[in-house]
Amino acid sequence: MRVVHNVAELRIAVKALREEGLRIGFVPTMGFLHEGHASLIRQCKSRCGATVVSIFVNPTQFGPAEDLSSYPSDLEADQSLCLKLDVNVLFLPTAAEMYPSNFQTFIEPGQVAEPLCGKFRPGHFRGVATVVAKLFNMVQPDLAFFGQKDLQQTAVIKRMVKDLNLPVDIAVVPTLREHDGLALSSRNVYLSPDERKRALSISLGLFAAETAFKAGERNASDLLARANECLWGVDQLQYCELVDAQSLEPLVHQVDRTAAICVAAFVGSTRLIDNIILSPNAEASGLLGLGAST
Ligand code: AMP
């Protein structure tokens, strides 16, 4: 595994792989890697000849009151996991490499970035789209992998790739969960034992709605009520919404196309997000139904 810290080294490493005729897959992350990240890397390994992983805690996607300075990190563990997973290139840029002084050009996502997290994290998706576009230009991957857990992020990235004709395909990987259902997240490490128990109510709410959906319930407010009934454990609910899984526009009457219930909530001082896909056509859910373009 080549570990590179700047764009020049990265380009040389990727060029060598491309010259071997390998398809380049890319997994962007913010590190403190867990099994969710590992599943993206495994998918990448299974579909591409070479895998590039980046670890960069991107300051432009954090608001002033958010957890940028305390974001968890364990570079040594991350490197050994990448080595174990047979990653070809690990890109660890510094903030100065990504945002040299006088940096002033940003990607402004449109409507798809407005609802859900967009309402509560102003500027977040502008930062995400900008850093992902920069990383795409640096790595020039054929295929890039993102987690369904960050559903709105996948929608923003797919929109950006289409709108700007970026030459990359986007694959969406289903959310990996703990045995009890809690979605894996780097931020779970912040949770106290009591908060960890209460955090479970988020996935339990989503599963309750999913069970009702599978039993034939299609009424939007009844499905949302199922999810909300279970959300007793959170301290501050930001949103629990039923939306069209592609456009993220609210679905207010019936679920007549692939939909998602998306939740964001604070448990203690930790902000968690999760979602579940509800597809009237079961085969369209998961990896395929989110519009993965490959
Ligand atoms: P992050 O390091 O949190 O920015 O996440 C990097 C990538 O891993 C993103 O595409 C996330 O959606 C994805 N990811 C995070 N948690 C999970 C999970 N539990 N299952 C699958 N993918 C995940």
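Helix 9 (residues 220–229) has four residues that are buried, Ala220, Leu223, Leu224 and Ala227; buried means under 20% relative accessible area with a 1.4 Å probe, protein chains only. Down the axis of helix 9 these residues fall within an arc of 95 degrees, so they line one face of the helix; the arc is that of the directions from the helix axis to the C-beta atoms. Their cover includes helix 8, strand 7, strand 8 and strand 9, where contact means heavy atoms within 4.5 Å. Helices (H or I, at least four residues) and strands (E, at least two) are DSSP runs, numbered from the N terminus.

The model is predicted: local features need pLDDT of at least 70, side-chain atom pairs count only at pLDDT 80 or more, and totals for chains, interfaces and linings use all residues. Residues are numbered from 1 along each chain as its sequence is written, and side-chain values use heavy atoms, with hydrogens and water left out.

The three strands form an open antiparallel sheet in the order 7-8-9; two strands pair if DSSP finds at least two bridges between them. Strand 7 (236–244) and strand 9 (270–278) stand at the edges with a single partner strand each, so one side of each lacks a neighbour in the sheet. Eight bridges join strand 7 to strand 8 (residues 259–267), and Cys240 has Val263 in strand 8 as its bridge partner. Helix 8 (residues 193–214) packs on this sheet, touching strand 8 and strand 9.

Strand 8 and strand 9 also each give two or more residues to the lining of the largest cavity, to which helix 6 gives the most, with six residues.

Definitions and conventions. Axes are lines fitted to C-alpha atoms, for helices over the stretch in contact, and angles run from 0 to 180 degrees between N-to-C directions. Buried means under 20% relative accessible area, exposed over 50%, partly exposed in between (1.4 Å probe, protein chains only).
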